[in-house]
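Trainee: I have a new model on my screen and would like to learn how to read it. Please take me through it feature by feature.

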Amino acid sequence: MASVRVLDRDLDPESLELYLQSEVLAIDTEAMGLLPRRDRLCLVQICDSADQTCLVRLPPGTTSAPNLKLLLEAEYIVKIFHYARFDLAMLRTHLGIETRNVFCSKIASKLARTYTDRHGLKELVRELEQVELDKTVQSSDWGNVHELAPEQLSYAANDVRYLISIRTKLIAMLEREGRYQLALDCFKHLSTLVTLDLLGYGDVFAHSA
């Protein structure tokens with residue numbers, strides 16, 4: 001890995017300036033659980049196409065990160081997430097960030113890789129990058145941000161390391177199968193879907209009595 005920096009509370013000005021020059025960034029988050037209104041956001045990971053990674057640690061009580069907000073709300077930069085629905089909700093709830101121009105590799109995989117029902121990041125990296133990700137510490141305590149183990153930091157960095165390459169390969173598959181515009185339409189819907197999630201709605205498109 002070319003570079004991994006660990007920062008506290010927000011991106012520093014140097015990292016912000018670096019990432020603002022990017023056309024595409026890989027983003028991920030780690031939290032204390034899966035419920036945005038209950039569980040605290042603990043870590044935000046960012047990686048660019050040169051494999052320069054920042055891990056931003058968010059201690060308890062962090063409610064804003066102005067540099068992260070500026071970066072993630074920049075319209076001209078594509079932000080790649082895997083299962084963006086969760087990350088966007090966490091970023092909005094805890095940092096007030098309305099992330100713009102999103103690509104979700106999980107949605108893209110479901111639209112492109114219809115030959116399988118396995119769309120987790122581990123499976124995507126295995127198939128498209130020929131790399132076996134170690135997910136041992138996925139479900140671990142991310143709350144003590146200043147005492148995160150080296151294995152946790154390595155795991156967090158690897159979760160963004162391959163997303164840019166994966167996006168390129170998924171786009172090629174989507175274009176080949178005539179589904180890329182459908183994927184883009186799905187990505188545009190994510191902000192509304194997150195709003196529905198945070199308001200406590202279920203599947204409003206489902207038929208029910």
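**Reading the fold from helix to core**

Mentor: Let's start with a helix: the cover over the buried residues of α5 includes α4 (105-112), α6 and α7 (163-176). Helices (H or I, at least four residues) and strands (E, at least two) are DSSP runs, numbered from the N terminus. Buried means under 20% relative accessible area, exposed over 50%, partly exposed in between (1.4 Å probe, protein chains only), and contact means heavy atoms within 4.5 Å. Keep in mind that this is a predicted model: local features need pLDDT of at least 70 and side-chain atom pairs pLDDT 80 or more, while totals for chains, interfaces and linings use all residues. Residues are numbered from 1 along each chain as its sequence is written, and side-chain values use heavy atoms, with hydrogens and water left out.

Trainee: Which residues of α5 are buried?

Mentor: An α-helix has 3.6 residues a turn, so residues three or four places apart point the same way. In α5 the buried residues are Leu121, Glu123, Leu124, Val125, Leu128 and Glu129. Just after α5 comes glutamine 130, with a positive phi of about 55°.

Trainee: Now the strands. What covers β5, and on which sides?

Mentor: In a regular strand the side chains alternate between the two faces of the sheet. Strand β5 (residues 78-81) is covered on both: Val78 and Ile80 are buried on one side, and Lys79 and Phe81 are buried on the other.

Trainee: Which strand is joined to β5 by 3 bridges, β2 or another?

Mentor: Strands pair if DSSP finds at least two bridges between them. Strand β2 (residues 24-31) runs parallel to β5 and is joined to it by 3 bridges, with valine 24 opposite valine 78 in β5. β5 also pairs with β6 in the parallel sense, over 3 bridges, and there phenylalanine 81 stands opposite cysteine 104 in β6.

Trainee: And how does β4 sit among its partners: parallel or antiparallel to β3?

Mentor: Antiparallel: strand β3 (residues 41-47) is joined to β4 by 5 bridges. Isoleucine 46 stands opposite cysteine 54 in β4. The two strands β3 and β4 form a hairpin with 4 residues between them, and aspartate 51 in the turn has a positive phi of about 65°. Strand β1 (residues 3-8), by contrast, runs parallel to β4, with 6 bridges, and arginine 5 stands opposite cysteine 54 in β4. β4 itself (residues 52-57) is mostly covered, with 5 of its 6 residues buried.

Trainee: Which residues touch the most other members of the largest nonpolar core?

Mentor: A nonpolar core is a set of buried Ala, Val, Leu, Ile, Met, Phe, Trp, Tyr and Cys residues joined through side-chain atoms within 4.5 Å. The largest one here has 59 residues, and Leu11, Val44, Ile46 and Leu68 touch the most other members. Apart from it lies another core of 10 residues, among them Leu43, Val145, Leu148 and Ala156.

Trainee: Where is leucine 68 found?

Mentor: Leucine 68 is in helix α2 (residues 66-72) and is buried, at a relative accessible area of 0%. Leaving aside residues up to four places away in sequence, leucine 68 touches Asp10, Leu11, Val44, Ile46, Val56, Leu95 and Ile97. With the same exclusion, the contacts of leucine 11 include Leu16, Tyr19, Ile46, Cys54 and Leu68.

Trainee: How many aromatic pairs does the model have?

Mentor: Rings of Phe, Tyr and Trp (its six-membered ring) pair if their centres lie within 6.5 Å; planes under 30 degrees apart count as stacked, over 60 as edge-to-face and the rest as tilted. By this rule there are 2 aromatic pairs. The rings of phenylalanine 103 and phenylalanine 187 have centres 4.8 Å apart and planes at 55°, so this pair is tilted. It links distant parts of the chain, with phenylalanine 103 in strand β6 (residues 102-104) and phenylalanine 187 in helix α8 (residues 180-198), 84 residues apart. Phenylalanine 103 is buried at 2% relative accessible area, and phenylalanine 187 is buried at 7%. Tryptophan 142 and tyrosine 155 also form a tilted pair, at 5.8 Å centre to centre with 35° between the planes. Here tryptophan 142 lies in the loop between α5 (121-129) and α6 (150-161), and tyrosine 155 lies in helix α6, 13 residues apart. Both tryptophan 142 and tyrosine 155 are buried.
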